[in-house]
Amino acid sequence: MHIAMVGLGKMGANMTTRLLAGGHHVAVYDRSDSAVAACVAGGAMGSTSLADLVGKLTESPKVVWVMVPSGKPTDDTIDALAALLTPGDIIIDGGNTNYKDGLAAYERCKSKSIALVDAGTSGGIWGLKEGYCLMVGGDEVAVRTCEPIFLTLAPPNGYAHVGPAGAGHFSKMVHNGIEYGLLQAYGEGFEILEKSPFDFDLKQLAEVWRNGSVVRSWLLDLAALAFTEDAKLASIRGYVDDTGEGRWTIQAALEENVPAPVITLSLLARFASRQDESFSAKFVAALRNQFGGHAVKSEPKA
């Protein structure tokens, strides 16, 4: 197929490489000239603007994959493309867009007879080699038209058309919420091991658990790799960011009256990781001292 890729970050560039290796013709655009040049060196057609990018697509319907940060950057890019494309053309949003924003964008595109497909995309920096898990939402005709692209990007059985518009983003959102809980459980478990009276080799345990254990997973594979690079993770600060999907999953759970304590607490644990000093902890320590005379630790004087 002929396809355009907008956004050549870590995932967009690797996806371009995988598509080229699969025999597709790929035109690319990014605000970074060096990112475009790197993809051109790999066989892609470079573009200097979105208009130039669309002009390089000579087959109909034209298909453009958007892989830029969620929120305003994605909305602005989709709207700009919708103004350049013609009825029957297709935009694929592969970013971590909030499904409600995705549905609004779908309606805006639909009003111009442009199809918007939402492709929940998982695989990270390993996707180039291992393939990308794709949860795709959208109209049947548009999704089937793009299927050769999805089948090239995904490993065997790693792609599915999961429902109408919004379903791809929603399922990827929940996928990421589950990821929060899994990461937190592994993190807490390995901290208990690390703090124990036994001098555990954490890499050794991760390796053992990878084989036959009920907790084996790709995340555990990556844990073994992380411990290989830094046995005690001493070079890494315990600050954990989030990109929104966990929050959105919890909001959806609240709207649907679904109890989701593990995912909720895993998000709160990420918030706690960003505090050098917790005021609430100070408050609790102060009151324990007031009612029980429990010792408090003083802040060092400047």
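Visitor: What makes Asp-276 and Arg-237 a salt bridge, and are the two residues buried or exposed?

Guide: Both Asp-276 and Arg-237 are exposed. This is a predicted model. The closest N and O atoms of Asp-276 and Arg-237 are 3.2 Å apart, and the limit is 4 Å, so the pair counts as a salt bridge.

Visitor: Which parts of the chain does the pair of Asp-276 and Arg-237 link?

Guide: Asp-276 sits in the loop between helix 12 (261-273) and helix 13 (279-292), and Arg-237 in the loop between helix 10 and helix 11 (245-255). The two are 39 residues apart, and the pair links distant parts of the chain.

Visitor: Which residues do salt bridges with shared partners join into one network?

Guide: Lys-203, Glu-207, Arg-210 and Asp-221. Within this network, Glu-207 bridges to Lys-203 with the closest N and O atoms 3.4 Å apart. Both of these residues lie in helix 9 (residues 202-209), 4 residues apart, about one turn of the helix.

Visitor: Why are Glu-207 and Lys-203 called partly exposed?

Guide: The class runs between 20% and 50% relative accessible area. Glu-207 has 25% and Lys-203 has 29%, so both fall in that class.

Visitor: Why is the pair of Trp-126 and Trp-218 called edge-to-face?

Guide: The structure holds 7 aromatic pairs. In the pair of Trp-126 and Trp-218, the ring centres are 6.4 Å apart and the planes stand at 90°. Pairing requires centres within 6.5 Å, and edge-to-face requires an angle over 60 degrees, so the pair qualifies on both counts.

Visitor: What makes this pair a tie between separate parts of the chain?

Guide: Trp-126 is in the loop between strand 6 (115-122) and helix 6 (127-130), while Trp-218 is in helix 10 (residues 218-229); the parts tied together are therefore 92 residues apart in sequence. Trp-126, at 31% relative accessibility, counts as partly exposed, and so does Trp-218, at 41%.

Visitor: What makes Arg-270 a charge over the face of Tyr-180?

Guide: Arg-270 lies over that face at 3.6 Å from the ring centre.

Notes
Residues numbered from 1 in each chain as written. Predicted model: local features only at pLDDT ≥ 70, side-chain atom pairs only at ≥ 80, totals over all residues. Heavy atoms only, no water. Phe/Tyr/Trp six-rings, centres within 6.5 Å; stacked < 30°, edge-to-face > 60°. Buried < 20%, exposed > 50% of the residue type's maximum accessible area, 1.4 Å probe, protein only. Lys NZ or Arg CZ within 6 Å of the ring centre and 35° of its normal. Salt bridge = Lys/Arg side-chain N within 4 Å of Asp/Glu carboxyl O.
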